[in-house]
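Thanks for coming. I have one model to show this morning, so please look at it first.

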Amino acid sequence: MKHKRIILPERRRKIPAHFSWIDHRLVRDGYSRKCSARALGLYLFLLSVSDSEGLSFYGVRSISREININGNELDELRRELLDAGLVAYRDGIYQVLDLGGVNKVKPDSPVYDGSKKVSEILEQMFAEDKR
């Protein structure tokens, strides 16, 4: 068994006062397998800008500018997140939802065609960002 040791103690991660995190159930319960890498990029953005209730008031133009997509792409990505049970959306307001297991996916069942490991998704997201 490997012994875990902090590599850079001065950069140890802390939960920020402004409240933002990624729930490990995103992977453990199979939610990440329900969405494309780009939809998960939108989800990461919404997690980053939502308040303690999970609410975000960022509009289409702001989101499109921040994550470099157009309005039609945003509509498609939002639909993926809604279908996966990761967010709710009404009247321009997003709510990042609790991952309490309502839409739990079996680890061996492919839900999203082309499902990938989280490491692959993140690698793809960063590769797309460098273009």
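Two notes on conventions. This is a predicted model: local features need pLDDT of at least 70, side-chain atom pairs count only at pLDDT 80 or more, and totals for chains, interfaces and linings use all residues. Residues are numbered from 1 along each chain as its sequence is written, and side-chain values use heavy atoms, with hydrogens and water left out.

Start with the sheet. Helices (H or I, at least four residues) and strands (E, at least two) are DSSP runs numbered from the N terminus, and two strands pair if DSSP finds at least two bridges between them. The sheet is open, with three strands in the order β1-β3-β2 and antiparallel pairing. β1 and β2 are at the edges with a single partner strand each, so one side of each has no neighbour in the sheet. α4 packs on this sheet and touches β2 and β3, and its direction makes about 125° with that of β2. Such angles run from 0 to 180 degrees between N-to-C directions, with axes fitted to C-alpha atoms, for helices over the stretch in contact.

Now the pairings. β1, residues 55–56, joins β3 over two bridges, and Ser56 has Tyr94 as its bridge partner. β2, residues 87–90, joins β3 over four bridges. There, Arg90 is bridged to Ile93, and Tyr89 stands opposite Tyr94. The β2–β3 hairpin has two residues between the strands, and Asp91 takes a positive phi near 50°.

A nonpolar core is a set of buried Ala, Val, Leu, Ile, Met, Phe, Trp, Tyr and Cys residues joined through side-chain atoms within 4.5 Å. The largest one has 21 residues, of which Tyr43, Leu46, Leu81 and Leu86 touch the most other members. α2 (37–49), α4 (71–84) and β3 (93–96) each supply at least two residues, and the largest share, seven residues, comes from α2.

Finally, Leu81. Beyond its neighbours within four places in sequence, Leu81 is in contact (heavy atoms within 4.5 Å) with residues including Leu42, Tyr43, Leu46, Leu86 and Val87.

Key: Buried means under 20% relative accessible area, exposed over 50%, partly exposed in between (1.4 Å probe, protein chains only).
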